[in-house]
Amino acid sequence: MSIREHSGEPQSGGARLERPSAGPAGVSADSPAGRLAATVDRLTREVRAAQAEAEGRALIELAKGILVERLGCGPSQAARQLAELTEQAGTTQLEFAVEVINQAARDRMSEVTDAFLAATRAAEEAGPDAAAVRLRAAESGVLAADDTQAVAESLLAQALRPLGAVAVAIWAAGADGSLTLAGSAGFSPAEAARWYYVPPDVATVARCGLAERDGLWITSLAERGLPSVGRHHHPDGGRAAVPAGTGGRVYGVLEIVWPAPLPEQPPQIVRQVEALAELCAHTLETYTVPSGPAQQPRVLPDAAELMDLADGLYDPALVLVPHLDAHGNLLDFRIQHVNSRFLDPAGRPRAMVSGALLLEAYPMAAGDSELFQRIERVYATGEPFRARRMNLTALVDQVPLAAVADISVSRHGSGILFIWRIEDETARLASLLQHAQRLGRIGGFEENLLTGEITWNGQLFDLYGRPESSLPVPLEELPAHAHPDDAVTIGRFLRTLLHHRRPASAAFRLQRPDGVTRHIRVVAEPVLDTDSRLLTIRGAYQDISAQHWTEVALAATRDQLAHTEQHASERDRLALQLQRAIMPPTQAPLQVQGLDVAVRYRPAETEQLVGGDWYDAVVLPSRLVLLCVGDVAGHGIEAATSMVVLRNALRGLAVTGAGPGQLLSWLNIVTHHLTGGVTATAVCGLYDPASRTLRWARAGHLPPVLVRGSKAAPLPLVSGMLLGAVPEAAYEESEVRLAAEDNLLMYTDGLIERRDRSVEESLTHLLTTAAAAPDTLDQRLDRLLTYSRSDTDDDTCIVGIRVG
């Protein structure tokens, strides 16, 4: 019984599924063997027809060569002459070609043939001209093509691929200025479908080539920025767009694609490409250009949408379209597209499988009559088919033959989407995950903070020593189930997770109801909605407990760690004392006529983060005022001692009367050679009270901020790399003249630095705060410290001056 008899009439648009009742040797055509036999028989006939066509074409090409030699013309003219003579003689081209060959044989056939072959060999050995020979030889194949699509395929295969080209497009120009893709090769069906029609006045490569008399040759498509077919696959490739015209009339454009930048081509290649474009014009003469984009492209839109859908799936998928005979009967399905998850059993690339007939690519599918009949039925009725644990024998390479898979076959317009999922593989992965959790003693959880719903897996109940029928423990109640000594650790973990809404982890001792204490590590992350509101907490617990001897060793390690921490704390305390002894938080103001000077130093909030920030404000013997701030990289005693070296060195160097650029150059030498390889940033200025001018330079530091009236802005940036990076460095100087009531601020990055903000955003906030108008300079500096948004717990130094 045929599919039509079994399932009723197909839906609108469906093809007839009737087949002869018997195939070769009386075998039923609906049987697996009948399908396979019919496919082999059809392929045999196609091979024989192709062989006969190739033999006839060889005779026609030989006749064209004879005409080239006899008439002294080119291949294009010879082809047209052969067509005209054939029409006058009232015979086929093959019959007339035989007559030409016989006549040449009666005259001097051997001389003509030898001369033709010798000329061809000489041209091919001529280096750059060999490509031109291949182009000229391709002209005959183009003239023999049936339509524009065949012309495009022939051009790419015979003439353009030897030149390095990877794709070709033949555009037909419409009367309204639109372009239609009449033929293409080297592009995917979906890409060709998307570019089937280009409206008028859209500046594409083909459009620009149509406007140029000699065509358009582009070295790199990215440089010109013009859109065109295949631009995403070859964005840096070269393009050529040559008008296709004949007899003074242009019918379209020949566009050629190279995968890499295209160098300038020799004149003979350019002329041959122009000749090929003229040949394309002969096929475009009879091409009917649609009046708009309504005409259907070769790839139907619903099939193109299915291709995009298949590419977005995580399971192997095929897009199938029906293959019908001349009477509209369904013979097979063509594989229009395969997605990236598909692996061919024979190891063929996906591009080779795509476009083939299903029974030709996978003859064993004919033996799986149930699968093939299901696809036929879906196409005929439009009813989707889904099955669990169905044998899939021919299309899957990842699993053994006769694999079990979940199948989904659905019809979308004229296309079929065929998806399968290997159920055994999914189950195996799930089992591996469960075993990994069991072996690692890991339990997962998820807590919804809006509804209060908590989800635990079975392994987590085991870690807590609670039955699965009991209620899960909320995160906020975690301290009640932990050792009292771990309350601070858990509190810090919960603050980071719930208040700061950042991922966090903590190790603590879990006290279970059965009296057993386990060492647990918890890792969790917050889940926020689009408005940054906290919705859910998800994470995992892991039992990191060991045997008794490991716990004893851990206790000894903890004692050693505590001793190390105490030693480090002592070092930090000594560094902090050293820092505060040299850099007291307050300093007596300088006595300078017409100038107020104030400084502020705020040490790190955490004593373990003793830094290397420093400042100085001193009147030199020359009556100039030295103003500087700096920041030594790192923390601890090393940073503090390096800060002392740099601060004192700069004071001593400033007595020489050198400018700030020279002072920083000398200080760079000191940093590189005398401080154990540390690096630092600094800004140094010399203020002249008499002229109210400030000369300043910077070494990788933020520039000073000038507050004039109600506006605050940083001084223009000058070049200068950080101290200690190289043995010698030069530093650019700048000079600014200050006015009465002006305020100038120098500061370290501890004033503005934030983990969640860029430097530009923090600097903008600083300028806004500094622009406010307090009564005194001291109030201005205090205001900057008060409204500082820094969250890095770093040292902060500020030096400010106010001109009287």
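Predicted model: local features only at pLDDT ≥ 70, side-chain atom pairs only at ≥ 80, totals over all residues.
The ground rules are simple: local features need pLDDT of at least 70, side-chain atom pairs count only at pLDDT 80 or more, and totals for chains, interfaces and linings use all residues. Residues are numbered from 1 along each chain as its sequence is written, and side-chain values use heavy atoms, with hydrogens and water left out.

Starting with the big picture, the protein has 22 helices and 26 strands (DSSP runs numbered from the N terminus, H or I of at least four residues for helices, E of at least two for strands). Of its 804 residues, 43% are buried; here buried means under 20% relative accessible area, exposed over 50%, and partly exposed in between, with a 1.4 Å probe and protein chains only.

Rings of Phe, Tyr and Trp (its six-membered ring) pair if their centres lie within 6.5 Å, and planes under 30 degrees apart are stacked, over 60 edge-to-face, the rest tilted. Phe-333 and Tyr-379 make an edge-to-face pair, at 5.9 Å centre to centre and 85° between the planes. Phe-333 sits in strand β8 (residues 330-338) and Tyr-379 in helix α14 (residues 369-381), so this pair ties together parts 46 residues apart in sequence. Both Phe-333 and Tyr-379 are buried. Tyr-601 and Tyr-615 have ring centres 6.5 Å apart and planes at 35°, so that pair is tilted. Tyr-601 counts as buried at 5% relative accessibility, and Tyr-615 likewise counts as buried, at 0%. Elsewhere, Phe-445, Trp-456, Phe-461, Tyr-464 and Tyr-541 form one aromatic cluster. Back at Tyr-379, the charged end of Arg-411 sits over the ring, 4.9 Å from its centre (the cut-offs are NZ of Lys or CZ of Arg within 6 Å of the ring centre and within 35 degrees of the ring normal).

Salt bridges (a side-chain nitrogen of Lys or Arg within 4 Å of a carboxyl oxygen of Asp or Glu) come to 17. In one of them, Arg-600 meets Asp-778 at 3.3 Å, N to O. That pair links strand β17 to helix α22 (residues 777-786), 178 residues apart. Arg-600 is buried, at 17% relative accessible area, whereas Asp-778 is partly exposed at 38%. Asp-616 and Arg-651 also pair up, with the closest N and O atoms 2.5 Å apart. Asp-616 lies in strand β18 and Arg-651 in helix α19 (residues 637-654), so the bridge ties together parts 35 residues apart in sequence. Asp-616 is buried at 0%, while Arg-651 is partly exposed at 34%. Asp-529, Asp-531 and Arg-533 are linked in a salt-bridge network.

Finally, the backbone: Arg-501, in the loop between α17 (487-499) and β14 (504-511), has a positive phi near 55°. Arg-692, in the loop between β20 (680-688) and β21 (693-699), has a positive phi of about 55°.
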